[in-house]
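Consider the structure below with attention to its ring contacts and its backbone geometry.

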Amino acid sequence: MVTPFDPAYGLDLPAAQALAVHLVDNGCDGLVLNGTTGESPTTSDEEKTALVRAVAEAVGDRASVVAGVGSASTAHTVELARAAERAGADGLLVVTPYYSRPPQAAVGAHFRTVADATGLPVMLYDIPGRTGTRIEVETMLGLAEHERIVAVKDCAYDLLGSTKVMGRTSLAYYSGCEELNLPLYAVGGAGYVSTVANVAPRAMSAVLDAFDAGAVAEAARLNQLTLPLAELMMASGLPGAVTAKAVLGFPVRGPLQGAGEAVAARLRAARDALTG
């Protein structure tokens, strides 16, 4: 979920609550807060906690609230995890430490330390294109033995590796790349963490609803319909936070800049074509 800001770039908690309720009303059974689409690099620890508390209060038990707590520091990640737990989060999203590119033993130790720090279930976030470090298959297999490491947000672009881990563990795999939402689901994935769902939640959830109903061809057709919007949002050279907010009408914090009216108009047109 994007993090709504007001025109002065302050955290807009009423807008966040309204957006959260809208998303749940339209098919989202979980909300991931304080991810990079939520502009986590530019929000303070206090803002992150306030956002989790406000959204958890707004949606209650209608949806799971997963708090992004990843950072390049193990100690800071633990602090964020504990704060999210106190604020009412149902789970944690923890990205691989970035920039320092730790070796696999250190990656595993980082995730275990965070998982040991709270009583909440943990979703690992594997996105080597951003962090510079892959969670390798053997590391993933070892982490799956931890009782609170239960899921993966998969942005590794390796269906073979992901399928191998799913076949050997009980980890729930969620696609983090829009173009792989249906393919990963078809080989055993549990769902997806979607940026596009910020602006078209019903259309995105309809794809997996059709697949669950056994209407595989219909799921493929519906998935095809989402691709023009997904491509505009995710392959435009702009971050997902920028493109989603261009449709929703919220400002972004620097260093990100708004998409501009011409791009926003194309995005809104693609959204309207998809949602009718």
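Rings of Phe, Tyr and Trp (for Trp, its six-membered ring) count as a pair if their centres lie within 6.5 Å; planes under 30 degrees apart are called stacked, over 60 edge-to-face, and the rest tilted. This is a predicted model, in which local features need pLDDT of at least 70 and side-chain atom pairs count only at pLDDT 80 or more, while totals for chains, interfaces and linings use all residues. Residues are numbered from 1 along each chain as its sequence is written, and side-chain values use heavy atoms, with hydrogens and water left out.

The structure holds one aromatic pair. Tyr185 and Phe211 form it edge-to-face, at 5.5 Å centre to centre with 70° between the planes. Tyr185 lies in helix 8 (residues 181–186) and Phe211 in helix 9 (residues 201–212), so the pair ties together parts that are 26 residues apart in sequence. Helices here are DSSP runs (H or I, at least four residues), as are strands (E, at least two), numbered from the N terminus. Tyr185 is buried, with a relative accessible area of 14%, whereas Phe211 is partly exposed at 24%. Buried means under 20% relative accessible area, exposed over 50%, and partly exposed in between (1.4 Å probe, protein chains only).

Turning to the backbone, most residues other than glycine have a negative phi, and most peptide bonds are trans. Tyr9, in the segment before helix 1 (13–25), has a positive phi near 70°. Glu39 has a positive phi near 60° and is found in the loop between strand 1 (30–33) and helix 2 (45–59). Tyr9 is partly exposed, with a relative accessible area of 43%; Glu39 is buried, at 2%. A cis peptide bond joins Gly254 and Pro255, with omega about 15°.
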